[in-house]
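Good morning. Please look at the screen while I go through this one.

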Number of protein chains: 2
Amino acid sequence: MAVYTDITDEELNALLSDFDLGAPLAFKGIAEGVENSNFLLETQAGRFILTVYEKRVREDELPFFLGLTRWLAQHGYPSATPMIDKAGEALKRVRGKPCAIFSFLPGLSVRRPTAAHCKEAGQGLARLHLAAEGFPLTRANDLGQEAWAPLFDTLREAAENLKPGLAAVIEGDLAHIAAHWPTDLPRGVIHADYFPDNVFFQGPLFAGAIDFYFACVDQLAYDIAVTLNAWCFEADGSFNITSARALLAGYEAHRPLTPAERAALPVLAHGAAMRFFLTRLHDWGATPAGALVRPKDPLEYERKLAVHRSAPDLVLLGEAS
Amino acid sequence: MAVYTDITDEELNALLSDFDLGAPLAFKGIAEGVENSNFLLETQAGRFILTVYEKRVREDELPFFLGLTRWLAQHGYPSATPMIDKAGEALKRVRGKPCAIFSFLPGLSVRRPTAAHCKEAGQGLARLHLAAEGFPLTRANDLGQEAWAPLFDTLREAAENLKPGLAAVIEGDLAHIAAHWPTDLPRGVIHADYFPDNVFFQGPLFAGAIDFYFACVDQLAYDIAVTLNAWCFEADGSFNITSARALLAGYEAHRPLTPAERAALPVLAHGAAMRFFLTRLHDWGATPAGALVRPKDPLEYERKLAVHRSAPDLVLLGEAS
């Protein structure tokens, strides 16, 4: 949950006076996103989400994120899209912090995705990759493969504290991933954090995606690998091949994979597990006791790493064809 | 902010299957109320708030609170009202905890009420007292005047820690309040926590009240005293007579005070300040460092106590007539 910034009715009225959205009818802090403060805002013009950006989001990157979600909406992809004020601006300020007002995207995220949900999610991911084609702005993936070894250099001790002997195992993983990492797969805008809590459904159907604050330009199939890891593992740590097959079938219904993309899935999934293991390990150590946001357990992704290390072809069994 | 209980989509679907509210369309934890977990719930039937009761609310008191808000809605008073399931039940359970689904009450609370807001709030309070007439259930005020001296017995040391010498001053206040406390003023259902964050406006107009979890049967004028303390002090600690006059005028537009009620306002306001001083002092000491909910500063009400102690007639200058 996260509402770090308090907005008074006076500050809200001042912000809304720049827009053509009418008077506010309801305003409630909501527990969504961990990187910023979010508020449900109802005005005479409809329902919106006010997002106030906290220090973890770099302000100079906001034009990319806001521009991307506007682009996606204009190209038929369901995501929360920022409203433009009377002067044509989407990026605003409230209480000295950057903010934006987004359209309200209805839908519910699922806690335990079924194979049917995975198929829908796969379709939604492919539609995202296609809708983003031609988006003119670019942003490097600062948590991409090249960043992992330097990041791990700062986390050796944390890894050993988590599990004695783990540092050497991770080093082996990093070397394997670096040696096999593809570099010439089709590139484009990826979500890079397409987890179940960032995907909305209406009943059984995909309804849209939120939280594009890790979006960047990278190899598209890496986004699939992140998604396979996030959606297709059971609570007991086992990889659900049925779900993976459904996810890939859903994806390929809109955008078939190239043979090179398919062949790269094992190392991409291994690397995607590394990315989330490392950032969770970092956040685990960096979060003070009693903090408002509890960090996610790095061991979940340590187990996923182990699966991809010991059974690299497992994700290939989820191939659609 | 408060979302203590996590509800999965599966648990939500199971709960909703008991109601005639259709399928869920959106579901978000919201930062409202500190005693329980609240979720914005949109279904095919409209918008609702799901409240999950945490341990601070006694389950055997829920029929009073739920019955009261249903009664108020049926008698034309705008408040969130609990929905009844197919079996006629309002009090339900989810994840082993009691819960209820309330109608969504639109409106915004104001941070710094003007005199005009105070007048509207006064009207809203009188309308509440009148609408509740005839409500058949009853609940004693367990934080009423008789509870304060025993509560303070447990807080002497905390008071001294807050401000050396304060314990003796509070004891003097308690003796004064006990000696002058009225017992035969008109009684009825009071809100007992009618603070600005529990009162909604639509533009400049009163739109309804929420959070009835301190409601009980007590002297009606005590509710006015709580409200005067909550709405009519400036940030610098001074009492705003213009706001108090507006609040009382708004109240008396619907329910004129008796001479005895008017005469009792100084001691009622002194006592109402004592009630919130004591519970804030209690919560201040009882809240562990790093807790999710930051306790409110007891010094705010210590200053209000000082105002009523040194200038008991101040609230009378706010008299409507």
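Let me start with how the two copies meet. Of the interface residues of chain A, 100% are also interface residues in chain B, so the copies meet through the same surface. This is a predicted model, in which local features need pLDDT of at least 70 and side-chain atom pairs count only at pLDDT 80 or more, while totals for chains, interfaces and linings use all residues. Residues are numbered from 1 along each chain as its sequence is written, and chains are lettered from A and ligands numbered from 1 in the order in which they are written.

How many residues are in contact across the two chains? There are 27 residues of chain A in contact with 27 residues of chain B; two residues are in contact if their C-beta atoms, placed from the backbone, lie within 7 Å. On the side of chain A that touches chain B, at least two residues each come from helix 1 (9–16), strand 1 (24–30) and strand 2 (36–43) of chain A. Helices (H or I, at least four residues) and strands (E, at least two) are DSSP runs, numbered from the N terminus. Strand 1 of chain A gives the largest share of that side, seven residues. By class, that side has 15 nonpolar, six polar and six charged residues. Here Ala, Val, Leu, Ile, Met, Phe, Trp, Tyr, Cys and Pro count as nonpolar, Asp, Glu, Lys and Arg as charged, and the others, Gly among them, as polar.

Next, the domains. Chain A is assigned domain 1 (9–103) and domain 2 (115–318), with bounds that come from an automatic or database domain assignment. Their C-alpha centres in chain A lie 28 Å apart. In chain A, 19 residues of domain 1 are in contact with 17 residues of domain 2. The domain 1 side of that contact divides into eleven nonpolar, six polar and two charged residues.

Now one helix. Is helix 3 of chain A largely enclosed or left open? In helix 3 of chain A, 14 of the 17 residues are buried, so the helix is largely enclosed by the rest of the structure. A residue is buried if 20 or more other C-beta atoms lie within 10 Å of its own, exposed if 12 or fewer, and partly exposed in between, with C-beta atoms placed from the backbone.

Last, a single residue. A:P63 sits in helix 2 (residues 62–74) of chain A. A:P63 is partly exposed, with 13 other C-beta atoms within 10 Å. Apart from neighbours within four places in sequence, A:P63 is in contact with A:L91 and A:L137.
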